Amino acid sequence: MKDKLFLDSNVILYAFGKEENKKEIAKELFRQKPTISNQVINEVINILFKNFHFPISEIKTVFNFLRFKTDIKLLSIKTTEYCFYVKEKYVFCNQKIPIIAK
């Protein structure tokens, strides 16, 4: 069984950047139909608009590309609850997260 690939917004943005080696790696990863979250899509759109100064028409093209070339998972409260379950069960990430009580 092949592991699923999850892309972070930074990797997606490499596909639209100027560094050719990173661009090629990102393009290769898209050929594997990676998983992303709706949060990643929102981050990519925001950065393309604010930092890369893409026009809205190009951002829509990127959005449609992501819709068809990736498996999009929606984040929800259940997702966060499941993350806690995985962390506790598998002792994933040994860093302690401080809880701030109000």
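Colleague: In which loop is L75 found?

Modeller: L75 is found in the loop between β2 (71–73) and α5 (77–90). Helices here are DSSP runs of H or I with at least four residues, strands are runs of E with at least two, and both are numbered from the N terminus. Please note that this is a predicted model, in which local features need pLDDT of at least 70 and side-chain atom pairs count only at pLDDT 80 or more, while totals for chains, interfaces and linings use all residues. Residues are numbered from 1 along each chain as its sequence is written, and side-chain values use heavy atoms, with hydrogens and water left out.

Colleague: Which residues does L75 touch?

Modeller: Not counting residues up to four places away in sequence, L75 touches S37, N38 and Q39. Contact means heavy atoms within 4.5 Å. The C-alpha atoms of L75 and Q39 are separated by 7.3 Å, and these two residues are 36 apart along the chain.

Colleague: Let us follow S37, then. Where is it found, and is it buried or exposed?

Modeller: S37 is found in strand β1. S37 counts as buried, at 4% relative accessibility. Leaving out residues up to four places away in sequence, S37 touches F6, I72, K73 and L75.

Colleague: What about S9: where is its place, and what is it in contact with?

Modeller: S9 has its place in helix α1 (residues 9–14). S9 is buried, with a relative accessible area of 5%. Apart from its neighbours within four places in sequence, S9 is in contact with V40, E43 and V44.

Colleague: On to the helix pair. How are two packed helices described?

Modeller: The description uses the angle between their axes and the distance between the axes.

Colleague: At what angle do α3 and α4 cross?

Modeller: The axes of helix α3 (residues 38–50) and helix α4 (residues 56–69) cross at roughly 155° and come within 10 Å. Axes are lines fitted to C-alpha atoms, for helices over the stretch in contact, and angles run from 0 to 180 degrees between N-to-C directions. The two helices, α3 and α4, are therefore roughly antiparallel to each other, a label that applies to angles over 145 degrees.

Colleague: Which residues of α3 and α4 meet there?

Modeller: On the α3 side they are I41, V44, I45, L48 and F49, and these meet I59, V62, F63 and L66 in α4. By class, this contact of α3 with α4 has nine nonpolar, no polar and no charged residues. Ala, Val, Leu, Ile, Met, Phe, Trp, Tyr, Cys and Pro count as nonpolar, Asp, Glu, Lys and Arg as charged, and the others, Gly among them, as polar.

Colleague: And N46, in which helix is it found?

Modeller: N46 is found in helix α3. N46 is partly exposed, with a relative accessible area of 37%. The C-alpha atoms of N46 and I59 are separated by 9.3 Å, with the two residues 13 apart along the chain.

Colleague: A change of topic: backbone angles. What is phi of H53, and where is H53 found?

Modeller: H53 has a positive phi of about 55° although it is not a glycine, and H53 is found in the loop between α3 and α4. At 61% relative accessibility, H53 counts as exposed.

Colleague: What is phi of K33 near?

Modeller: Phi of K33 is near 45°, a positive value in a residue other than glycine. K33 is found in the loop between α2 (20–30) and β1 (35–37), and K33 is partly exposed, with a relative accessible area of 47%.

Colleague: Finally, how many helices and strands does the protein come to?

Modeller: The secondary structure comes to five helices and two strands, and from the N terminus on the elements run α-α-β-α-α-β-α. Of the 102 residues of the protein, 23% count as buried.

Technical notes:
Parallel < 35°, antiparallel > 145°, perpendicular 65-115°, else oblique. Buried < 20%, exposed > 50% of the residue type's maximum accessible area, 1.4 Å probe, protein only.
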